[in-house]
Amino acid sequence: MDRNSTGLVFVLPALIVLAMLIAYPVAYTGLLSVTDRQGAFVGLTNFKAVLSARATPQAFWNTIWFVGGSIVFQVLLGTATAILLNQSFFGRGIVRSITLIPWVVPGIVAATTWAWMFHTEFGIINYMMTGSGIIPEPIGWLTNGNTVMPVLIAINVWKLFPFVAIMVLAGLQSIPNDLYEAARVDGANFWQEVRFIMIPQVRSVIVAVTLLLVIWGLNSITIIYAITRGGPANRTLITPIQIFRLAFESTQFNQAAALSVIFFAVALVIVIIYIRALASAPGEAK
Amino acid sequence: MSDPSTLRRTGLPLPITIVGAALVVLICLFPFMWMAVSSIKTLPELYTVPPIWWPETPTLGNYYKVLFESNIPRYFLNSVIISVGSTFLALILAIFASYGFARFDFRGKPLLQSFVLIGQLLPTAAIIVPLFITLRVLGLVNTYWGLILVYMIITLPLSVWMLTSYFKAIPVELEEAAIIDGSSRLGILFRITLPLSTPGIVAVVVYAFVTTWNEFVFALCFATDSSVKTLPIGLAEFSTEFNTDWGAVMAASVVMTLPIALLFFSMQRLFVGGLTAGATKG
């Protein structure tokens with residue numbers, strides 16, 4: 001009983017702050033979503049209005065694309081980089097530090113710098129690619145509806161793969177040496193070590209990191225908002241930006257709240273499915 | 001690949017490692033090199049086709065514009081105050097909460113733990129309106145305290161999560177020994193648990209400082225007065241204020257990136273170092 005209350009005392013200050021900043025706004029969002037401007041109860045009207053808007057399904061699929069596409073490449077590139085940086089070579093420490101820079105740098109800086117590099121007329125990327133003959137003529141990367149999403153995904157991958165790399169690297173470093181030694185006695189080569197020692201040992205790290213990436217991805221506004229604001233023609237409109245626009249550009253607070261509720265529910269379902277799937281998986285993995 | 005009988009460390013062939021490392025460095029650094037080079041170019045040199053690699057007449061004019069003819073220095077100060085304040089607050093709250101979660105059992109603990117984590121899950125855009133109303137009621141819109149508090153939403157959940165796992169990894173026997181010696185709970189926390197979790201503390205500090213320094217959306221909505229505006233907003237504003245003065249934007253980007261890069265490089269050893277392995281494996 002004593003331990004009971006002591007633990008709670010330790011936890012309480014943080015909980016109060018979070019309750020004030022999270023529980024209350026969430027409840028308030030719920031209330032806003034079923035009322036009108038005057039605060040009168042209107043049932044599901046706001047939900048209907050939001051769901052029938054043409055931008056909503058488009059933003060939904062854009063979000064799936066953006067988050068899914070980013071994560072696949074972030075995890076693959078990040079894990080590969082971690083394995084690379086776990087090798088011993090001259091200057092490894094400095095390379096490790098440099099790898100972290102994209103993650104550390106402010107999103108708005110990354111966004112403006114890449115926007116400048118992808119500039120149609122004066123951008124270095126068009127220059128390098130036309131110069132080396134990869135593309136025949138300059139491409140309007142950020143204005144062309146077909147290229148803008150892949151470009152934003154690439155920028156987002158560049159921004160966050162270092163985070164995956166550093167977390168996986170930490171996992172790799174904590175693998176006990178006996179495992180490698182045992183494998184070497186058995187004559188394992190490098191790729192067998194990767195497959196049978198490294199990947200299984202850092203699996204839990206990758207799982208946790210992926211969950212974080214999903215959550216961050218669903219929250220990411222800065223890069224897209226700073227570069228395209230959702231354009232051209234809503235091709236990069238993701239749901240968080242749609243909510244932001246509804247609230248602050250169209251001042252439809254109630255519809256924005258309804259969309260938030262839907263978005264939150266979908267995000268929650270995705271995360272729960274992910275955690276459930278993982279809770280059952282470890283049996284099969286070694 | 002290598003001779004198994006020597007038990008030497010197997011690995012990627014060195015040439016592949018070197019090429020890979022060089023590629024990683026290039027990918028990570030090139031945008032910053034280009035940013036730095038662009039920031040010392042004059043306007044005509046910025047807007048030429050083809051782009052030039054190195055300016056013939058490097059200029060500090062863009063920096064002069066940023067440092068003396070804009071609000072950037074003020075925003076810089078605001079960012080420092082807000083980031084330091086929210087990092088400190090998050091650290092204090094997270095240390096206690098994590099210790100409570102890691103070392104005690106109490107009713108509703110799993111529920112409370114997931115509540116903390118769900119905070120991290122909230123779509124930030126979704127709670128801006130109610131948060132704005134809350135802050136207005138408390139008189140905290142356009143104040144340092146407003147942003148410092150709001151940033152608990154994005155720093156606290158992950159900080160608690162990280163520190164809880166660090167605390168859990170510390171053998172409880174160490175603390176039990178101290179209890180037998182008559183130490184108080186707080187004494188144990190500060191004299192035994194915290195020193196053993198230095199990498200965790202550093203990770204939390206770096207994480208909290210970096211995320212708050214870089215945060216964009218909340219700052220955009222809750223700090224609209226130039227006395228509290230932070231650097232990311234200043235940068236976004238700068239690019240509209242001067243329309244497409246890319247030289248000045250790049251100079252402002254350099255100014256904004258430097259402190260965070262310095263902090264990170266000085267902490268990197270502790271942050272990344274294998275101290276955890278040492279502390280937990282023993």
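Trainee: Leaving aside its neighbours within four places in sequence, which residues is Ala252(B) in contact with?

Mentor: This is a predicted model. Contact here requires C-beta atoms, placed from the backbone, within 7 Å. With neighbours within four places in sequence left aside, the contacts of Ala252(B) are Val66(B), Ile72(B), Leu235(B) and Phe238(B).

Trainee: How many residues does the largest nonpolar core have?

Mentor: Ala252(B) is among the residues with the most contacts inside that core, along with Ala94(B), Val150(B) and Phe222(B). Helix 7 (residues 148-173) of chain A supplies the largest share, 17 residues. The core as a whole has 160 residues.

Trainee: Why does this core lie between two domains of chain B?

Mentor: Chain B is divided into domain 1 (12-59) and domain 2 (64-281). The core lies between them because residues are given to it by both domain 1 and domain 2 of chain B.

Trainee: Which helix of chain B gives the most to the side of domain 1 that touches domain 2?

Mentor: Seven residues of domain 1 of chain B are in contact with six residues of domain 2 of chain B. Helix 1 and helix 2 (43-46) of chain B each supply at least two residues of the domain 1 side. With four residues, the one that gives the most is helix 1 of chain B.

Trainee: How many residues of the side of chain B that touches chain A are nonpolar?

Mentor: The contact takes 78 residues from chain A and 85 residues from chain B. On the chain B side, helix 1 (residues 14-39) gives the most, with 15 residues. That side of chain B has four charged residues, 17 polar and, as the number asked for, 64 nonpolar.

How values were computed: Residues are numbered from 1 along each chain as its sequence is written. Chains are lettered from A and ligands numbered from 1 in the order in which they are written. This is a predicted model: local features need pLDDT of at least 70, side-chain atom pairs count only at pLDDT 80 or more; totals for chains, interfaces and linings use all residues. Two residues are in contact if their C-beta atoms, placed from the backbone, lie within 7 Å. Ala, Val, Leu, Ile, Met, Phe, Trp, Tyr, Cys and Pro count as nonpolar, Asp, Glu, Lys and Arg as charged, and the others, Gly among them, as polar. Domain bounds come from an automatic or database domain assignment. A nonpolar core is a set of buried Ala, Val, Leu, Ile, Met, Phe, Trp, Tyr and Cys residues joined through C-beta atoms within 7 Å. A residue is buried if 20 or more other C-beta atoms lie within 10 Å of its own, exposed if 12 or fewer, and partly exposed in between; C-beta atoms are placed from the backbone.
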